[in-house]
Amino acid sequence: MDVFLSTGERSGDAMAAGLAEELQRLSPRPLDIAALAGPLSAAAGVRVLHDYTDLSMTGVHGGHMRRWYDLIFDLATALNDGPPRAFVGVTHCTFNLPLGGMLRGTHRVLVGPPEVWAWRVRPLWRFAGPAVRGIAHLPLPVTWRMFCQAADVTCRRGDLPLQNFDEVHCLLPMNAAAYTARRGQRRRASDAEVRFLGHPAAAMHHTPDLARHAAALRQELEIPSGTHLLGLFPGSRQQEIDALLPTFLAAAARVLHSRDDVSAVVHVADPRFRAAIEEHLRAVLDRDGALGRVRATDAPVFPLLCACSHAMMSSGTLTLQAGLLGVRATVGYRTAASSRGRALVYAFVAPQRRGGVPVPFALPNAIAWHQGRAVGEWPYDEHVEDAFRPAMLAPSVLRALPSAPYDPSAHPALPPDEIERLRTAVRGPGSEPPLTALAERILARIG
């Protein structure tokens, strides 16, 4: 095997698929590329040995965690028995960081390490850390062991990438600076080389062709002339959809009751989740009497974003992609299904603060925060954790929607200088696209 790719989320799957295509395009011979990945990598011709889709999760869930726990050891055994020339972990760091430490005889590359610049470890971890690591190896229920492993990875996120990998490629410049500084503090010759790769999304532009596709999509969805389209993007994982979509729908119902010139669509990121999404639509909107004005669609995500006057979306890579396309949006997210779960997360880690303001969740806002810009200058309004409520989301959308009927010639968009500021922040250091530069580097290594 030449390359093994490992990821566990849709944005990572898209990046792995793009990297696989670049590796095959640039290689003088056909490569054997296998993966723990999803449908996007499979469509790119990768041999997907394990499909992450049914394992995707947010928070701590016993059944899913048992399967991940079994997979990490099975995969480490298989890759050590027949090492690939290169192992490439793409984001999904709670899984890939410990897996990288188990591998031998392969060149280990991590793409998109945890954002250490944005989070700090609380002093409590200094005392609790050894006990948590010890519990992870005791014969206790797998949920407890996996939670302890996840907590350990979360709190050692600054050191494990340097310790368990040979190369660490950061998607944002401030993260590369943070890891480079940490590497200098550790002074270990065996630590990984740190590079700023840049984010592949930096190449995204709202082109005339994309605008035409978006206009055609509005017609395909039968959106009446003058009607604003509100897009709901609840994520690509089943548990994320279950946790976020009901709140998004309840907020959308409030918007629709306030405005007759608004329709809404829910994006289906994976067709396997369509039935669950439509069940959420019926459960929430039948009660609110707004079912006829909301539909689910599996239309391509970027034209759909550009067809919307406004979007409600979960935090993640899509917020960066939307920002680079100039799409106006409100971001909503909750890290765990219960306040008890969130308390456990924040017992050991806390967001960094600047001027008393914690780092936000949405990537465009986080970049603006790092640049020292005030909350009122952030591109997106976001409501996370205990503020993730319909009563907070709906007014944000209503404030952002133009009061006049929809006019295609005046489609709501972020200011051009905001888009360019964001693009400059995530653009790679070289002239080549980030995945091309990474593929060249991997090929030079494996021959």
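**Charged pairs and nonpolar cores**

Author: In this predicted model, R186 and D191 form a salt bridge whose closest N and O atoms are 2.8 Å apart. Side chains of opposite charge can pair when their charged atoms come close.

Reader: Is R186 buried or exposed, and is D191 buried or exposed?

Author: Buried means under 20% relative accessible area. R186 is therefore buried, at 17%, and D191 is buried as well, at 5%. Salt bridges with shared partners join D159, R182, R186 and D191 into one network.

Reader: How far apart are the closest N and O atoms of D159 and R182?

Author: They lie 3.6 Å apart in that salt bridge. The pair links distant parts of the chain, 23 residues apart: D159 is in the loop between helix 6 and helix 7, and R182 is in helix 8. D159 is partly exposed because its relative accessibility is 25%; R182, at 30%, is also partly exposed.

Reader: How many salt bridges are there by this rule?

Author: The count comes to 25.

Reader: Turning to the nonpolar residues, which have the most contacts inside the largest core?

Author: A nonpolar core consists of buried residues joined through side-chain atoms within 4.5 Å. Here the largest has 45 residues, and W117, L305, M313 and V426 have the most contacts inside it. Helix 15 supplies the largest share, five residues. The contacts of V426, leaving aside residues up to four places away in sequence, include L171, F196, L320 and I367.

Reader: Which residues form a nonpolar patch on the surface?

Author: L138, L140 and W144 do, with about 310 Å² of accessible area together. W144 belongs to helix 6 and is exposed, at 55% relative accessibility.

Key. Residues numbered from 1 in each chain as written. Predicted model: local features only at pLDDT ≥ 70, side-chain atom pairs only at ≥ 80, totals over all residues. Heavy atoms only, no water. Patch = residues over 30% accessible without salt bridge, like charges linked within 9 Å, V, L, I, M, F, W, Y side chains within 5 Å. Areas by Shrake-Rupley, 256 points an atom, 1.4 Å probe, with all protein chains shown as cover. Salt bridge = Lys/Arg side-chain N within 4 Å of Asp/Glu carboxyl O. Helix = DSSP H or I, 4+ residues; strand = E, 2+ residues; numbered from the N terminus. Buried < 20%, exposed > 50% of the residue type's maximum accessible area, 1.4 Å probe, protein only. Contact = heavy atoms within 4.5 Å.
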